[in-house]
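Biologist: I would like to go through a structure feature by feature. Please give the general idea where there is one, then the case at hand.

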Amino acid sequence: MLSKLERDVMHPTLPTLLRISMVFSVGLEYFFNAEPRPVLEIVRRKDRLRFPDSPDAAQAAYYFESLDFPVTGRALNSYLAEFESVEPERSRLHEHPGIEFLYVLSGRLELRAGEDQHELAEGDAIYFDSTVPHGYRRIGAKRTTALVVALAPRE
């Protein structure tokens with residue numbers, strides 16, 4: 001019978017699938033989930049979408065593009081961020097579970113984390129606990145971009 005199922009000669013009934021799952025010690029969902037694909041996804045520059053950090057684009061402190069959006073079940077989230085010149089009071093703080101890594105590709109950036117302020121220049125990197133309220137602000141007129149990687153806590 002297994003040979004017929006493998007060759008697509010016969011289609012199993014639910015009781016048959018249940019018996020097979022018990023024999024092989026797998027859950028019934030094993031037969032309904034798509035086969036795992038190798039984790040490899042190319043995201044072309046032309047396919048990325050650019051979003052502001054707030055619904056009002058005129059008030060945006062930065063824009064971000066997800067670099068890994070098509071990957072399902074990803075363990076981390078990576079973004080290309082471009083920072084705007086905003087007044088310090090317009091730099092909104094946000095927080096989220098996990099950790100964050102930021103690498104400055106160009107320009108200068110101020111990172112506020114809790115009560116602390118850090119100035120980062122091109123080539124600088126920072127790793128921090130993202131449960132602490134944090135926000136970003138471009139320093140100066142030069143275009144400022146960074147690679148941002150966020151990792152949610154393990155469950």
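This is a predicted model: local features need pLDDT of at least 70, side-chain atom pairs count only at pLDDT 80 or more; totals for chains, interfaces and linings use all residues.

Biologist: Which residues have the most contacts inside the largest nonpolar core?

Modeller: The general idea is that in soluble globular proteins, nonpolar side chains tend to be buried together. Here the largest nonpolar core has 15 residues, and F83, L102, L109, I126 and Y136 have the most contacts inside it. Strands β3 (77–83), β4 (99–106), β5 (108–113), β7 (125–129) and β9 (144–151) each supply at least two residues of this core.

Biologist: What is Y136 in contact with, leaving aside its neighbours within four places in sequence?

Modeller: Its contacts are A61, Y62, F83, S91, H94, E100, L102, L109, E110, L111 and F128.

Biologist: Which way do the residues of β8 point?

Modeller: In a regular strand the side chains alternate between the two faces of the sheet. In β8, H134, Y136 and R138 point one way, while G135, R137 and I139 point the other way. Six of the six residues of this strand (residues 134–139) are buried, so β8 is largely enclosed by the rest of the structure.

Biologist: How many bridges join β5 to β8?

Modeller: Six, and the two strands run antiparallel. Within this pairing, E110 stands opposite R137 in β8.

Biologist: How does β4 pair, and which strands does it join?

Modeller: Five bridges join β4 to β7, in an antiparallel arrangement; F101 has Y127 as its bridge partner in β7. Seven bridges join β4 to β9, again antiparallel, and E100 stands opposite A150 in β9.

Biologist: Turning to the surface, is L14 buried or exposed?

Modeller: A residue counts as exposed when its relative accessible area is over 50%. L14 has a value of 52%, so L14 is exposed. This residue lies in helix α2 (residues 14–23). Together with Y30, F31 and F32, L14 forms a nonpolar surface patch with about 460 Å² of accessible area.

Biologist: Where does E95 lie, and is E95 buried or exposed?

Modeller: E95 lies in the loop between β3 and β4. With a relative accessible area of 52%, E95 is exposed. Leaving aside neighbours within four places in sequence, E95 is in contact with S130, T131, V132, P133 and H134.

Biologist: What separates the C-alpha atoms of E95 and H118?

Modeller: They are 17 Å from each other, with the two residues 23 residues apart along the chain.

Conventions:
Residues are numbered from 1 along each chain as its sequence is written. Side-chain values use heavy atoms; hydrogens and water are left out. Patches are made of residues with over 30% relative accessible area and no salt bridge: like charges are joined within 9 Å, nonpolar side chains (Val, Leu, Ile, Met, Phe, Trp, Tyr) within 5 Å. Accessible areas come from the Shrake-Rupley method with a 1.4 Å probe; for residues, only the protein chains shown count as cover. A salt bridge is a side-chain nitrogen of Lys or Arg within 4 Å of a carboxyl oxygen of Asp or Glu. Helices (H or I, at least four residues) and strands (E, at least two) are DSSP runs, numbered from the N terminus. Buried means under 20% relative accessible area, exposed over 50%, partly exposed in between (1.4 Å probe, protein chains only). A nonpolar core is a set of buried Ala, Val, Leu, Ile, Met, Phe, Trp, Tyr and Cys residues joined through side-chain atoms within 4.5 Å. Contact means heavy atoms within 4.5 Å. Two strands pair if DSSP finds at least two bridges between them.
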